[in-house]
Protein chains: 2
Amino acid sequence: MTASQQTGRLPTHEVVYRRIREMVLFGELAPGQPVTIQGLAGDLGAGMTPVREAIRRLTAEGALEFQGNRRVCVPVLTLSQLDELAFARQSIEPRLAYLAAQRATPGDIAHLEAVDAELNRAIERGDVRGYLQHNHRFHEDLYALAQARILASLAGMLLLRVGPSLRVVCGRFGTYGLPDRHRDALDAMRAGDADGVARAIGADLQQGIDQIRQSLLAG
Amino acid sequence: MTASQQTGRLPTHEVVYRRIREMVLFGELAPGQPVTIQGLAGDLGAGMTPVREAIRRLTAEGALEFQGNRRVCVPVLTLSQLDELAFARQSIEPRLAYLAAQRATPGDIAHLEAVDAELNRAIERGDVRGYLQHNHRFHEDLYALAQARILASLAGMLLLRVGPSLRVVCGRFGTYGLPDRHRDALDAMRAGDADGVARAIGADLQQGIDQIRQSLLAG
DNA sequence: GGCGGAAGGATATGATCAAATAATCTGCTG
DNA sequence: CAGCAGATTATTTGATCATATCCTTCCGCC
């Protein structure tokens, strides 16, 4: 097919995995929504086998959840699970930010600033999807600088778990009027203050967690 | 088949997943050893599809690793990855131990003591596999008490990553003459000292990490 | 309200296709 | 003439699909 040129040499199950991952991260799949193998296979124009494999991966990462029987859905966060996520993220992500700050070159910082600028533009535009995408990109690219694959993969899984709920939050309240912790992180980065970067990232993700908590409490 | 009676109603891919997971945890698959789908399918008497799904899950959990091309093998830890694992485990597992201690009933503690007793018997017997199994069981059952599924799943993934190396270490040096941190943890648990339990577990896993580090440094 | 049957969907197999590595062969050079 | 390099084939293994079988659920009926 023509689309296979764009995907280069990536196997179908990998492409499907990334696609579904995006759907979870950026709110195309809402929390609680059931996911069927044949449905996805139809939508994505793939066979059932690659879709099955992608779903297994995403289930292992916590992006999807077995429903006891043999059904799969996007997990709905409870308050206590949100506490677990808050703890895990606060443990892992500031550390990654610290390591990243130590290794960042001026070019790396400029790149992150560009991503952050696009993020802010998306906010002003009221583009929720763009906001989520660039926010995720910012954290992902930052953590990649840390050159700590295991910790980064853990952080990726944690982001996957908060993704759907973040989407819901953004639909309700905006993200206006909140302090810009990314800006703080970038400033500290330019100043060579790795601890400051870690603190800023910790504050940033705490903001997101708190917003989700508000949303859960509101019902 | 006859074996399906023992497994109850578990789907094949789940059975295969648990089997391969055990092989990784308890040293039937050594670090660096290549893993082939068809080989496993033949050994386990299963079709390719369930094996593929199990491998995807285990790869997502870090128990197996893509080898760039399309080959899969048991990962070999580097020193810097060991540092990452040490940090992540020290962040997550003491917390789980703390939560578990708060919820543990006397019956729970008795169960853990029974597991620990079997562990010690395996050590005296020189039974490496038994030691690894009961050690894993001890941590797994302890963390299950915390009723924190997300943190427990993270801990499970971290244990999966150190499993193969632990096996190698046990083959070289014994585990003799090391302080018994499980005993410390259980004592603190009976005393209702959750912080003490967390400290003991932190010391326990640090011991394991240090042993692996010694082994890596020795080459 | 409990039971039976139909339908939708998940599981699992084997066949087929494609890719990567291993092995062999040929031709050239020292 | 021996040895090595490059290329080509062969074998092994992974990827994908189409299909058959089995659950689970839902709906109608008793």
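Helix H4 of chain B gives the most to the surface near DNA strand D, with three residues; helices (H or I, at least four residues) and strands (E, at least two) are DSSP runs, numbered from the N terminus. The model is predicted, so to speak of local features requires pLDDT of at least 70, and side-chain atom pairs count only at pLDDT 80 or more, while totals for chains, interfaces and linings use all residues. Residues are numbered from 1 along each chain as its sequence is written, chains are lettered from A and ligands numbered from 1 in the order in which they are written, and side-chain values use heavy atoms, with hydrogens and water left out.

In total, 16 residues surround DNA strand D, where a residue is near a molecule or strand if one of its heavy atoms lies within 4 Å of it. The closest are A:Thr12, A:Thr49, A:Asn69, A:Arg70 and B:Arg52. By class, this surface comprises five nonpolar, seven polar and four charged residues; Ala, Val, Leu, Ile, Met, Phe, Trp, Tyr, Cys and Pro count as nonpolar, Asp, Glu, Lys and Arg as charged, and the others, Gly among them, as polar.

A polar backbone atom of A:Thr12 is 2.2 Å from a phosphate oxygen of DNA strand D. The elements that give two or more residues to the surface near DNA strand D are helices H2 (12-25) and H4 (48-60) of chain A, together with H3 (37-44) and H4 (48-60) of chain B.

Helix H4 of chain A has 13 residues and reaches 18 Å from its first C-alpha to its last, close to the 18 Å expected, the expected span being 1.5 Å times one less than the number of residues. This helix is mostly covered, with 10 of its 13 residues buried, among them A:Pro50, A:Val51, A:Glu53 and A:Ile55. Buried means under 20% relative accessible area, exposed over 50%, and partly exposed in between (1.4 Å probe, protein chains only). Just after the helix, A:Gly62 takes a positive phi of about 85°.

In helix H4 of chain B, B:Glu53 counts as buried at 2% relative accessibility. The side chain of B:Glu53 makes a polar contact with the side chain of A:Arg52 at 2.9 Å; such a contact is a pair of N or O atoms within 3.5 Å, and within protein one must be able to donate a hydrogen and the other to accept it, with residues adjacent in sequence counting only if both atoms are side-chain atoms. Leaving aside neighbours within four places in sequence, B:Glu53 is in contact (heavy atoms within 4.5 Å) with A:Arg52, A:Arg56 and B:His13.

Chain B also holds an open sheet of three strands in the order E1-E3-E2, with antiparallel pairing. Strands E1 (34-35) and E2 (65-66) stand at the edges, each with a single partner strand, so one side of each is left without a neighbour in the sheet. Two strands pair if DSSP finds at least two bridges between them. E1 and E3 (residues 72-73) of chain B pair over two bridges, and B:Val72 is the bridge partner of B:Val35.
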